[in-house]
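Welcome to a short tour of a structure that may be new to you.

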Amino acid sequence: MSDTPASPQLDRRPESKWSMVGRDPYAMPLEQIDLAHPGIWKENEFLPFLKRLREEAPVHYCAKSATGPYWSVMKYKDIMEVDTSPHIYSSEPTIGIVDAFEEFTVPSFISMDPPKHDEQRRVVQGVVAPSNLKNLEGLIRSRAAAILDDLPIGEEFDWVERVSIELTTQMLATLFDFPFEDRHKLTFWSDVATAIPGGGIVNSHEERWEAMQDCLATFTRLWNERVNAEPGNDLISMLSHGEATKNMPPMEYLGNILLLIVGGNDTTRNSITGGVLALNQFPEEYDKLRADHSLIPNMVSEIIRWQTPLAYMRRTAKVDTELNGQKIKKGDKVIMWYASGNQDDEVIENPERLIIDRPNARQHLSFGFGLHRCMGNRLAEMQLRIVWEEIMDRFENIEVVGEPERIYSSFVKGYSKMTVVLHPKAS
Amino acid sequence: MVKILFKDHTGNERSVEAAAGISVMQAAVSNGVPGIDADCGGSCSCATCHVYVDEAWVGKLTAMDANEDAMLGLSSDRRGNSRLCCQITLSEELDGLMVTTPEFQF
């Protein structure tokens, strides 16, 4: 009998037998632990599962799951080893846990190895080059100010919708020079690209495919406009003029667009939300911040660690190999659980706490390390820094009301809704 | 002890003394030299310790390996004298080494 079920779509539903929700990770055999099912991530029950595996099976084989068998890599140093060994652990065919042939996926350089990866990344990384970031700072600040100034004081609203989504979407529209009034489509396409059918965003693969077709058509139109114009500083212009990308097939173009939208969208969004939540959970840190705004840049890195907006990245073993005593076979799926490595107390002291003046705050795993290290990392940090500078100028306290709603995913670690009330500064 | 002169893109100079055997990156970080972030802690995995080595010293360094070359290839503003300074190990022969930190690391 095959270990791989006929339909990962069905078996990743909340109510499927694969869900670990409500179960005690210490009261079940180690072999049964399956981190991949989205249930425990949505219900915020994942931390004890990560801890048990770190302690008792740091390189853990899950033989049966809704998405087939896979290895979980739980410790910081082992994750580093995998991440920095692309000759052993390939990013092809995909960096998601669901195998490419089971689901509609588009190629992009995140799921390529050298040399093709390097060729394509080099073309687009100019858009986030430090000189470009300097040019964007003023625009990001004025947008953050406008968004924050428009918020209601003393009454409940959804921070995710009014701030986190709005700010990051505006940022993306700028990077692509995308029609500003249609920017909500960028958010929609990004969410659809990573959605699990049945999880609340799309109901079927067909629905997803339709949305992706619309995305491709829109970006093809923009490509055709930009390719005939002078090269500009936006992403589409760079792709349509770059030597390594100007002849790329439509599916690859769509894939790289989606990569840049997804990469810059819910990750930054969920870090903005996560920072507010974390400061509410650790009020002494919020006091520290109020007393010293110069802590903001370090705090940003610590928030990104604490949130870990992408819980994992997947690799595929190119050869038989060994990791922390475990023998991995060629072709095996290997999951680097960044969300676990960022909680590894062998490397990070008191990892469950937000500590905004933590030393070595940048050594977290959330951006990955090695060739695939997040290209947008300084842009993300800049957005977060600016938004917190503007927040601290305006509000004494952002009070979270109740529990946030988390996203149904073991990959995207974030929030679909968080109710807050704003308390202005005394003066 | 080995002397290293760190220059920044504006021409500011900062002289540091460090023990042979540690990397230029470690010398920078432990002496608070700005412009070298070293996110990965020295494992050639983040390219945030990029420096331009003064021409007189380029040939005296151990040649870069494929990993360093790959990471530099994805870094901003790579030049002929670019190195990741976590990969430069200090020795008595490098006493007086001069490097410049790039503008984009500020």
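Predicted model: local features only at pLDDT ≥ 70, side-chain atom pairs only at ≥ 80, totals over all residues.

**Confidence**

Chain A has an average pLDDT of 91, and 95% of its residues score at least 70. Residues 1-5 of chain A have a pLDDT below 50, and this stretch has seven contacts in the model beyond near neighbours in sequence.

Most residues other than glycine have a negative phi, and most peptide bonds are trans. A few places in this model are worth a look with that in mind.

B:Ala38 is not a glycine, yet its phi is positive, at about 50°. Is B:Ala38 buried or exposed? B:Ala38 counts as buried because it has 21 C-beta neighbours inside 10 Å, and the cut-off for buried is 20 or more. B:Ala47 lies in the loop between H1 and E3 of chain B. B:Ala47 has a positive phi of about 60° although it is not a glycine. With 25 other C-beta atoms within 10 Å, B:Ala47 is buried.

One joins A:Glu92 and A:Pro93, with omega about 0°, and A:Pro93 sits in the loop between strand E3 (89-90) and helix H5 (116-124) of chain A. Another cis peptide bond joins A:Pro114 and A:Pro115, again with omega about 0°. A:Pro115 is placed in the loop between E3 and H5 of chain A.

**Strand pairs**

| Strand | Partner strand | Bridges |
|---|---|---|
| E1(B), residues 2-7 | E2(B) | six bridges |
| E4(A) | E12(A), residues 419-424 | two bridges |
| E3(A) | E5(A), residues 313-317 | two bridges |
| E5(A) | E8(A), residues 333-336 | four bridges |

Start with chain B. E1(B) and E2(B) make a hairpin with five residues between them. In the turn, B:Gly11 has a positive phi of about 100°. B:Leu5 has B:Ser15 in E2(B) as its bridge partner. How many residues of strand E2 (residues 13-18) of chain B are buried? The count is zero among its six residues, and the strand is hardly covered.

**An open sheet in chain A**

Three strands of chain A form an open sheet in the order E4-E12-E9, with antiparallel pairing. Which strands are at the edges? They are strand E4 (157-158) and strand E9 (395-400) of chain A, each of which pairs on one side only. A:Phe157 has A:Val420 in E12(A) as its bridge partner.

A:Val421 is also found in strand E12 of chain A. With 16 other C-beta atoms within 10 Å, A:Val421 is partly exposed. Leaving out residues up to four places away in sequence, A:Val421 touches A:Gly154, A:Glu155, A:Glu156, A:Glu399 and A:Val401. For a sense of scale, A:Val421 and A:Pro130 are 291 residues apart in sequence and 35 Å apart in space, from C-alpha to C-alpha.

**Two crossing helices**

Next, find helix H12 (residues 266-281) and helix H16 (residues 377-394) of chain A, whose axes come within 10 Å and cross at roughly 35°. The crossing of H12(A) and H16(A) is right-handed. From H12(A), A:Thr267, A:Thr268, A:Ser271, A:Ile272 and A:Gly275 meet A:Ala380, A:Gln383, A:Leu384 and A:Val387 of H16(A). Sorted by class, this contact has four nonpolar, five polar and no charged residues.

**Where the chains meet**

Finally, turn to the place where the chains touch. Twelve residues of chain B are in contact with 15 residues of chain A. On the side of chain B that touches chain A, five residues are nonpolar, five polar and two charged.

Notes: Residues numbered from 1 in each chain as written. Chains lettered and ligands numbered in written order. Buried ≥ 20, exposed ≤ 12 C-beta atoms within 10 Å, placed from the backbone. Pairing = 2+ DSSP bridges. Axes fitted to C-alpha atoms, helices over the stretch in contact; angles between N-to-C directions. Left-handed = near helix turned anticlockwise from the far one by under 90°. Contact = placed C-beta atoms within 7 Å. Nonpolar A, V, L, I, M, F, W, Y, C, P; charged D, E, K, R; others polar. pLDDT = per-residue confidence, 0-100.
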